Amino acid sequence: MNLPGYAVIEHLSRTRRFDTYEVWSEERACSCVAKVVREDRRGDAHVREALIDEGTRLIGLVHPHIVRGYELIAGPDAAVIMETLDGETVAHLVDRHPDGLPAEDVAWLGIHVASALRYLHGRGLLHLDVKGSNVVADGGRAKLIDLSLARPPGRYEPGLGTWCYLSP
């Protein structure tokens with residue numbers, strides 16, 4: 001990954017299309033998250049366009065329960081720079097608490113996610129991939145992440161999203 005002004009701290013995750021890194025921003029003097037096209041998918045214009053679309057959407061959204069997008073770097077080495085979130089995904093929380101989370105915590109997390117979804121819907125977007133691994137919780141506060149599948153309402157190819165989390 002070659003992003004001028006950013007130094008890689010560590011690789012965080014890999015999906016079918018993207019890699020996510022914790023990076024140090026020289027300009028901001030803090031750590032950020034960079035989402036980039038996987039090296040083996042760099043030649044796929046559709047993947048690069050999807051990342052640019054996600055970055056454009058994210059930078060235009062301002063909500064306390066949606067991850068903040070700081071910068072979109074377009075071009076062959078496209079990247080979306082976002083805030084670093086402390087805490088852990090709801091999926092990890094559920095795994096660590098096999099007997100269940102306290103009802104009050106679940107209620108607050110649900111209110112935060114519902115607030116983020118209402119905000120997105122008010123801007124003509126459906127998230128299309130709401131699941132435990134796309135919600136980061138810290139200190140009773142939840143933030144929705146990964147808008148790579150967010151779209152305006154309409155008809156799309158069957159199976160868009162994560163299996164077992166798709167709408168009927």
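This is a predicted model: local features need pLDDT of at least 70, side-chain atom pairs count only at pLDDT 80 or more; totals for chains, interfaces and linings use all residues.
Visitor: Okay, looking at strand β3: which residue is the bridge partner of Ser25 there?

Guide: That's Cys30. Strands here are DSSP runs of E with at least two residues, helices are runs of H or I with at least four, and both are numbered from the N terminus. Two strands count as paired if DSSP finds at least two bridges between them.

Visitor: Got it. Back to β2 and β3: how many bridges join them?

Guide: Eight, and the two strands run antiparallel. Their hairpin has four residues between the strands, and Ala29 takes a positive phi near 55° there.

Visitor: What about β1 and β2, how many bridges join those?

Guide: Seven, again antiparallel, with β1 covering residues 6-14. Ser13 stands opposite Thr20 in β2, and this hairpin has three residues between its strands.

Visitor: Why is β2 said to be largely enclosed by the rest of the structure?

Guide: Because seven of its eight residues, in the stretch 18-25, are buried. Buried means under 20% relative accessible area, exposed means over 50%, and partly exposed is in between (1.4 Å probe, protein chains only).

Visitor: New topic: salt bridges. How many are there?

Guide: The count is 12, where a salt bridge means a side-chain nitrogen of Lys or Arg within 4 Å of a carboxyl oxygen of Asp or Glu. Side chains of opposite charge can pair when their charged atoms come close.

Visitor: Which residue does Glu71 form one with?

Guide: Arg28, and the closest N and O atoms are 3.8 Å apart. This pair links distant parts of the chain: Glu71 sits in β4 (residues 69-73), Arg28 in the loop between β2 and β3, and they are 43 residues apart. Glu71 is partly exposed at 23% relative accessibility, and Arg28 is partly exposed at 27%.

Visitor: And Asp129 and Lys131, are they buried or exposed?

Guide: Both are buried. They form a salt bridge too, with the closest N and O atoms 3.7 Å apart.

Visitor: Which of its residues are buried?

Guide: Leu109, His112, Val113, Ala116, Leu117, Tyr119 and Leu120. Seen down the axis, the buried residues fall within an arc of 160°, so they line one face of α3. The arc is taken from the directions from the helix axis to the C-beta atoms.

Visitor: What do those buried residues pack against?

Guide: α2 (90-96), β7 (135-138) and β8 (141-144), with contact meaning heavy atoms within 4.5 Å.

Visitor: And which exposed residues are on the face turned away?

Guide: Ala103, Glu104, Arg118 and Gly122. Just after the helix, Gly124 takes a positive phi of about 75°.

Definitions and conventions. Residues are numbered from 1 along each chain as its sequence is written. Side-chain values use heavy atoms; hydrogens and water are left out.
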